[in-house]
Amino acid sequence: MIKFDPEQAKKLLAEAGYGSGLDLEFLYPGKAFGEAYVTEMQLFQSQMKRIGINLTLKSMDLAEYLNRTRGNTYDLTLRSSSPGMDVDAYLYGSFHPSSNRNYNGVDDPKLTPLIEAQRKEADPKKRLEIVREAGRYIAEQGYGITSRSGLTYQMWQSYVKDYRPNLGRRYFPVAAAWLDK
């Protein structure tokens with residue numbers, strides 16, 4: 001886990017040539033994603049200010065926001081993505097050049113073959129190694145930064161048996177669940 005160290009962050013910013021701070025435009029879709037989204041964004045803005053990164057918040061309607069945040073046409077936004085049922089949904093969806101969810105516009109000649117290879121690999125151990133290699137490479141490139149993970153609360157009745165929440169998705173698999181009532 002990386003600890004929050006504002007002084008180290010300021011030092012790294014200065015070493016990168018931004019000793020007097022960095023100004024970035026932060027796009028967001030008004031209140032289209034709800035109040036919690038706006039609150040998270042404002043919290044993120046205040047945290048970044050502590051290290052010398054100044055975010056100018058720019059609100060826009062949802063259609064314009066979605067159009068602007070596809071590809072490399074913006075500085076910064078807060079967008080969620082989840083691995084889903086299989087890591088391929090995340091890898092392909094987020095980083096393959098033909099995916100319409102590749103919001104960062106990634107088209108990397110080293111990464112794309114890894115994504116395609118893990119899709120074709122039938123041996124789970126070999127596939128895991130390819131996925132890990134792709135994950136390390138993505139982290140090194142910094143195509144997207146994970147800044148937070150939200151809280152999820154779930155409740156169910158005691159007579160619901162074999163329910164297994166999947167905290168990575170909004171829609172949870174209930175194939176094995178049954179009612180003892």
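Helices α5 and α6 cross in the left-handed sense, a crossing being called left-handed if the near helix is turned anticlockwise from the far one by less than a right angle, and right-handed if clockwise. The model is predicted, so that local features need pLDDT of at least 70 and side-chain atom pairs count only at pLDDT 80 or more, whereas totals for chains, interfaces and linings use all residues. Residues are numbered from 1 along each chain as its sequence is written, and side-chain values use heavy atoms, with hydrogens and water left out. Helices (H or I, at least four residues) and strands (E, at least two) are DSSP runs, numbered from the N terminus.

**Helices α5 and α6**

- The two helices pack at an angle of about 155°, with their axes 9 Å apart, where axes are lines fitted to C-alpha atoms, for helices over the stretch in contact, and angles run from 0 to 180 degrees between N-to-C directions.
- That angle makes α5 roughly antiparallel to α6; angles under 35 degrees count as roughly parallel, over 145 as roughly antiparallel, 65 to 115 as roughly perpendicular and the rest as oblique.
- On the α5 side, L111, L114, A117 and Q118 meet R127, I130, V131, E133, A134, Y137 and I138 of α6, contact meaning heavy atoms within 4.5 Å.
- The residues of this α5 and α6 contact divide into eight nonpolar, one polar and two charged, with Ala, Val, Leu, Ile, Met, Phe, Trp, Tyr, Cys and Pro counted as nonpolar, Asp, Glu, Lys and Arg as charged, and the others, Gly among them, as polar.

**Helix α4 against α5**

- The crossing of α4 and α5 is left-handed, and the contact brings V87, D88, L91, Y92 and F95 of α4 to L111, I115, Q118 and R119 of α5.
- Six nonpolar, one polar and two charged residues make up the contact of α4 with α5.

**Helix α4 against α6**

- Between α4 and helix α6 (residues 124-141) the packing angle is about 40°, with the axes 12 Å apart, and the two helices are therefore oblique to each other.
- Their crossing is left-handed, and the contact is made by V87, D88, L91 and F95 of α4 with R127, V131, A134 and I138 of α6.

**Strands β1 and β2**

- Strand β1 (residues 22-28) pairs with strand β2 (residues 53-59) in the parallel sense over seven bridges, two strands being paired if DSSP finds at least two bridges between them.
- Within β2, L57 stands opposite F26, and K58 is the bridge partner of L27.
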